[in-house]
Amino acid sequence: MKYYSAVNKKICLTILYSSEEYQIQTFAGEYRDLKCLIQDRLFTDDFGQCGGMGRCGTCIVRICGMKEGSGFIRNEGTTLQRIAPGIEDIRLACQIPVDDRLSNVTIALM
Ligand code: FES
């Protein structure tokens, strides 16, 4: 029972893409990561070309308001240093799990 209540908790976020604002509702466990959510809901072109390996950098996003405890994982830091050195508040969407930390955040596709 605890598993279902945690998995089905609603997550609401805002995504800015191509001069439009999208209000998205999802829940933990519906998508493997933020890249999958964005591709599925917004049908983005050329987004996430390496399929989530954290290498291509095409899934780069700027995130405002994300809760603590969401540091870089795997090779995300190295890729961001290569493609966007010195820019803050950016992440690779493929490296971000869809969970409660995304509630009420604003995400801009870059
Ligand atoms: S899909 Fe390539 S870095 Fe995220």
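The entries below go from the sheet to the helices, the core and then some single residues.

**Entry 1: ground rules.** I am working with a predicted model, where local features need pLDDT of at least 70, side-chain atom pairs count only at pLDDT 80 or more, and totals for chains, interfaces and linings use all residues. Residues are numbered from 1 along each chain as its sequence is written, and side-chain values use heavy atoms, with hydrogens and water left out.

**Entry 2: the sheet.** I took helices (H or I, at least four residues) and strands (E, at least two) as DSSP runs, numbered from the N terminus. In what order do the strands of the open sheet lie? I read the order as E2-E1-E5-E3-E4, with 5 strands and mixed pairing. Two strands pair if DSSP finds at least two bridges between them. E2 and E4 are the edge strands, each pairing on one side only. From one strand to the next, the twist averages 35°; axes here are lines fitted to C-alpha atoms, for helices over the stretch in contact, and angles run from 0 to 180 degrees between N-to-C directions.

I then looked at one pair. E1 and E5 run parallel and are joined by 3 bridges. Thr-14 has Thr-106 in E5 as its bridge partner. As background, strands of a sheet pair through backbone hydrogen bonds, either parallel or antiparallel.

**Entry 3: helices on the sheet.** H2 lies across E1, E2, E3 and E5, at about 120° to E2. H3 (residues 76-83) lies across E3 and E4, and its angle to E4 is about 120°.

I stayed with H2 for a while. Its buried residues (buried is under 20% relative accessible area, exposed over 50%, partly exposed in between, with a 1.4 Å probe and protein chains only) are Leu-34, Lys-35, Leu-37, Ile-38 and Leu-42. Seen down the helix axis, they fall within an arc of 160°, so they line one face of H2; the arc is that of the directions from the helix axis to the C-beta atoms. Their cover includes E1, E2, E3 and E5.

At the N-terminal end of H2, Asp-33 is the cap, with a side-chain oxygen 3.1 Å from the backbone nitrogen of Lys-35. After H2 comes Phe-43, with a positive phi near 50°.

**Entry 4: the core.** I counted a nonpolar core as a set of buried Ala, Val, Leu, Ile, Met, Phe, Trp, Tyr and Cys residues joined through side-chain atoms within 4.5 Å. The largest one has 28 residues, and Ile-15, Leu-34, Ile-38, Val-61, Ile-63, Leu-102 and Ile-107 have the most contacts inside it. E1, H2 (34-42), E3 (60-64), E4 and E5 each give two or more residues to this core, and H2 gives the most, with 4 residues. In soluble globular proteins, nonpolar side chains tend to be buried together.

Entry 5: Contact means heavy atoms within 4.5 Å. Leaving aside neighbours within four places in sequence, Leu-34 is in contact with Val-61, Ile-63, Ala-93, Ile-96, Val-98, Leu-102 and Ile-107.

Val-61 sits in E3 and is buried, at 0% relative accessible area. With the neighbours within four places left out again, its contacts include Leu-34, Ile-38, Phe-47, Arg-91 and Ile-107.

**Entry 6: a buried arginine.** Is Arg-91 buried or exposed? Arg-91 belongs to E4 (residues 90-92) and counts as buried because its relative accessible area is 8%. Its side chain makes a polar contact of 2.7 Å with that of Glu-76. I took a polar contact as a pair of N or O atoms within 3.5 Å; within protein, one must be able to donate a hydrogen and the other to accept it, and residues adjacent in sequence count only if both atoms are side-chain atoms.

**Entry 7: loop residues.** Thr-44, in the loop between H2 and E3, is buried at 14% relative accessible area. Beyond its neighbours within four places in sequence, Thr-44 is in contact with Tyr-17, Ile-38, Gln-39 and Leu-109.

Ser-19 lies in the loop between E1 (10-17) and E2 (20-27). Ser-19 is not a glycine, yet its phi is positive, about 65°; at 82% relative accessibility, this residue is exposed.

Asn-104 is in the loop between E4 and E5 (106-109). Its phi is also positive, near 65°, and Asn-104 is exposed, with a relative accessible area of 67%.
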